[in-house]
Amino acid sequence: MEEQTKIPEEYQGRVSSEKSWMEIVAWVGDLPPLPQVAAKAIQLVENPDTSAQQITTVLSSDTALAARVLKIANSAMFSRQREITTLSQAVMVIGFKALKGIIVAATLRQLNRKNGKLEQLVWQNSMCTAMGAHVVAQRLRKPYVDELFLLGLLHDLGKLVLIRQAAEDFNKVIALAKEGKAFVEVEQELLGFSHPLIGALVAKKWNFPPEACQVILHHHDQLEAPLDTTLDQKTAIVQFANCMSHVLGHGNLEGFMDYSGLLASTGNLLGLNPADITELSEKTNTTFMEQSSAFQ
């Protein structure tokens, strides 16, 4: 019994002493699973033996999801400069790695149905971070460009869950964060944990790869050079893209902390100078303004 109640090593220091780890685990366990069609489609995408027709068949069984996937697939980020009119075209033209991000984007948008101001802000930040991470990964010539879109999209999964499941507590966090305090510090103080932990646990529940869960968990951590591992690099890119989104004002509440200093320091870790950061910010902003409607 003692082993079951012990906080796993990877989450050590992320739960206050007053908070029960088992209560958090039970709370996450009670959350709805990833919708069946989306879960099956993502599972198929991750299997190298899957055919395009198998994925098309599964997606076609959820008309609303299929329509949203097709809409996002036709955004300039993924369409490869040609109009995509059918799901089978989307699968063939876009490729499995990019398709996974599109399915997740479509699913998260469906789950985020309340559409209040706070949900909109978090969704805007998630979209802009995803687009920014994609832009930065392209600039740095990383081989995992499409994966960075997905990681950027998922980084604030914990916020989306807390808004839906613990709105009253989350609004208290918002009120204090508007005084300029760091959001995760306010969460830790009031809730006994912060949204990166919840996001990582939910992503694990939804069977996302361990590395994706780790990027979500660490995206607000202080990073240090050198970024030796792929996980460190991906986390830094997501953190940088999140800072860009806030500095650009996409999904940023008035009164929130100023992210410009963290943007510069994280950019430096990635080997980006001030001119690079300005250029990437402008490109991310343009991408967001031109393509965000496809994700609504």
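This is a predicted model: local features need pLDDT of at least 70, side-chain atom pairs count only at pLDDT 80 or more; totals for chains, interfaces and linings use all residues.

Reply: Residues are numbered from 1 along each chain as its sequence is written, and side-chain values use heavy atoms, without hydrogens and water.

Me: How much space lies in the largest pocket?

Reply: On a 1 Å grid over the protein atoms alone, a pocket is an open set of points with protein on both sides within 12 Å along at least five of seven lines. Volume is the space filled by probe spheres set on the points, joined across faces, edges and corners. For the largest pocket that gives about 250 Å³.

Me: Which helix supplies the largest share of its lining?

Reply: Lining residues have an atom within 4 Å of a point. Helices are DSSP runs (H or I, at least four residues), numbered from the N terminus. α12 (183–191) and α16 (260–269) each supply at least two lining residues. The largest share, four residues, comes from α16.

Me: What is the volume of the largest cavity?

Reply: A cavity is a set of grid points where a 1.4 Å probe fits but cannot get out. The structure holds one cavity of 30 Å³ or more. The largest cavity has a volume of about 80 Å³.

Me: Which residues lie nearest the centre of the largest cavity?

Reply: α8 (117–139) gives the most to the lining of this cavity. The lining has 13 residues. Nearest the centre are Val122, Lys159, Gly251, Leu253 and Phe256.
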